[in-house]
Amino acid sequence: MKRTRASGVLLAVSALPGPYGIGSLGAPARRFVDFLARGKQRWWQILPLVPLGDGASPYMSPSAFAGNPLLIDLDLLAQEGLLTGEELAGARCENVDRVDYRWLNESRLPLLRKAWQRSRELPACPVDLPWLEDYAAFSALHDKYRSGWWDWPQGATADPEEMEFHRFLQRTFYRQWFALKEYANARGVYLMGDIPIYLSADSVELWRRPKVFELEGDGRLSAVAGVPPDAFCPDGQLWGNPLYNWQREETFAFWQERIGWCAKLYDGVRIDHFRAFHNYWAVPSGAETAATGQWLPGPGMKLLAALQQAAPELELIAEDLGDLDAGALEFVRTCGVPGMRVLVFAFTPGAESAFLPHNCDENCVVYTGTHDTPTFVQWFTQADTETAAYARSYLRLREEEGLGWGGICGAWATRAYLAVAPLQDVLGLGADARMNAPGTIGDHNWSWRVRDEALNDGVADRLAHITKIYSRAN
């Protein structure tokens, strides 16, 4: 475990700069690693690398193991002779500030198909992907029927050529990813992944491994995931993901495979919705809202022990945010996995929040904000007068210093063994740079990108200075 005093930056790979409409695993990612190394950061935390689900969300994926082919670096393919200069020019996108997923989904896979056709004339470059055959068949059948797997004809078979195309995409993606990880680790930068605890109903896992999930005798979902009603959402949140059958050993075996795969990809992972290890909200399938759900016991320490047995060196972080009951709070406190503290949730006037910097102990990870919160500057400028005054007084915020830097200093100064800031807070950006607004759907989510010129030596050097002052330098 790497629990030395350190800090890092949160940035989705998709948000990296570059000319082709979305961040990628090639030169843009390496330049960001260099930026982090110059800034004395030990961790680069990313969002899930998996293929995207509805609304371009990486938290509703059709696979627990596959990589998102939209992140494949085109320049690296051109260097291998798989794309031409003319094709690269045609893949350029004028909008460098946002990912246009509609345009990408229409244009990128046909271009990658050309690269695949040319790759067949080259020697094979195998990458060990033990889950690949199931995923290739699933993806090829999706291409064929354009529907969820439950609508496929009984006995449907995948086209071998389409399966080979999807094998190419995954081998290419992971060949590029493992090269990036080697590059980062060689420069003292560790990679922190993110595990969405649930998968999409239209996933290869539910299709091929139904015993892992809670199903009726006819194969339909018996219940789905969500969270109960609260002050912000009177009907609760109905996510619709399949729930796991924690009575079966197959479910624990699946999770051990999953965490073992993560141990190859990353140096650490954040487990999303960690409270479901203790208990989870189960909503009857077909319910119109989450209000009719009930709390059911989760797998608890049995699952955590299985994960640690499968990947003992992998650093874990528990996403333990939200309205946790006393039992869930006690579980997170005693399970040994550090939880999260978020500054934009800390400053409730008259309350002694556990997220206030002076209440952050060593066994936690403190964030200025997350991919689901407003940026620190957005939060401060939109807060009510009393909250903003409290935060300004507590953190000694000054506009001339930069509100984002003030938030970073507050997080970096805590006792927490790890402090993380989204890149948006390092750059002092506002509402236009928010990554995701939960409960909303639209082009504003998952699409923000940083400009190349923002990742300059001046910003890196200032980050390094603050990091050294608070004894977090790598």
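## Helix packing, sheets and an aromatic pair

The axes of helices α1 and α6 approach each other within 10 Å and cross at roughly 15°. Since angles under 35 degrees count as roughly parallel, α1 and α6 are therefore described as roughly parallel to each other. Their crossing is right-handed. On the side of α1 the contact is made by Ala29, Arg30, Val33 and Asp34, and on the side of α6 by Ala179, Leu180, Tyr183 and Ala184. By class, the residues of this contact of α1 with α6 comprise six nonpolar, no polar and two charged. The model described here is a predicted one.

### A further contact of α6

Helix α6, residues 160–186, also packs with helix α5, residues 132–145; their axes come within 8 Å and cross at roughly 125°. That angle makes α5 oblique to α6. The crossing of α5 and α6 is right-handed. From α5, the residues Leu132, Glu133, Tyr135, Ala136, Ala137, Ser139, Ala140 and Asp143 meet Glu162, Met163, His166, Arg167, Gln170 and Arg171 of α6. Divided by class, the contact of α5 with α6 has six nonpolar, three polar and five charged residues.

| Helix pair | Axes come within | Crossing angle |
|---|---|---|
| α1 and α6 | 10 Å | roughly 15° |
| α5 and α6 | 8 Å | roughly 125° |

### The parallel sheet

An open sheet is formed by eight strands, which follow the order β9-β6-β3-β2-β1-β12-β11-β10 with parallel pairing. Its edge strands are β9 (315–318) and β10 (339–342), each of which pairs on one side only. From one strand to the next, the twist averages 25°.

Within this sheet, strand β2 (residues 43–45) pairs with strand β3 (residues 190–195) in the parallel sense, over three bridges. Glutamine 45 stands opposite methionine 192 in β3. Helix α1 (residues 27–38) packs on the sheet, where α1 touches β1 (6–10) and β2; the direction of α1 makes about 135° with that of β2.

### The antiparallel sheet

Four strands make up another open sheet, in the order β5-β4-β7-β8 and with antiparallel pairing. The edge strands here are β5 (237–242) and β8 (294–297), and each pairs on one side only. Neighbouring strands of this sheet are turned against each other by 50° on average, direction ignored.

Strand β4 (residues 223–227) and strand β7 (residues 279–284) pair in the antiparallel sense over four bridges. Valine 224 stands opposite valine 283 in β7.

### Aromatic pairs

A search of the whole structure finds 39 aromatic pairs. Tyrosine 59 lies in the loop between β2 and α2 (74–79), and tryptophan 446 in the loop between α14 (423–426) and α15 (457–469), so the pair ties together parts that are 387 residues apart in sequence.

Terms used. Residues are numbered from 1 along each chain as its sequence is written. This is a predicted model: local features need pLDDT of at least 70, side-chain atom pairs count only at pLDDT 80 or more; totals for chains, interfaces and linings use all residues. Side-chain values use heavy atoms; hydrogens and water are left out. Axes are lines fitted to C-alpha atoms, for helices over the stretch in contact, and angles run from 0 to 180 degrees between N-to-C directions. Helices (H or I, at least four residues) and strands (E, at least two) are DSSP runs, numbered from the N terminus. Angles under 35 degrees count as roughly parallel, over 145 as roughly antiparallel, 65 to 115 as roughly perpendicular and the rest as oblique. A crossing is left-handed if the near helix is turned anticlockwise from the far one by less than a right angle, and right-handed if clockwise. Contact means heavy atoms within 4.5 Å. Ala, Val, Leu, Ile, Met, Phe, Trp, Tyr, Cys and Pro count as nonpolar, Asp, Glu, Lys and Arg as charged, and the others, Gly among them, as polar. Two strands pair if DSSP finds at least two bridges between them. Rings of Phe, Tyr and Trp (its six-membered ring) pair if their centres lie within 6.5 Å; planes under 30 degrees apart count as stacked, over 60 as edge-to-face and the rest as tilted.
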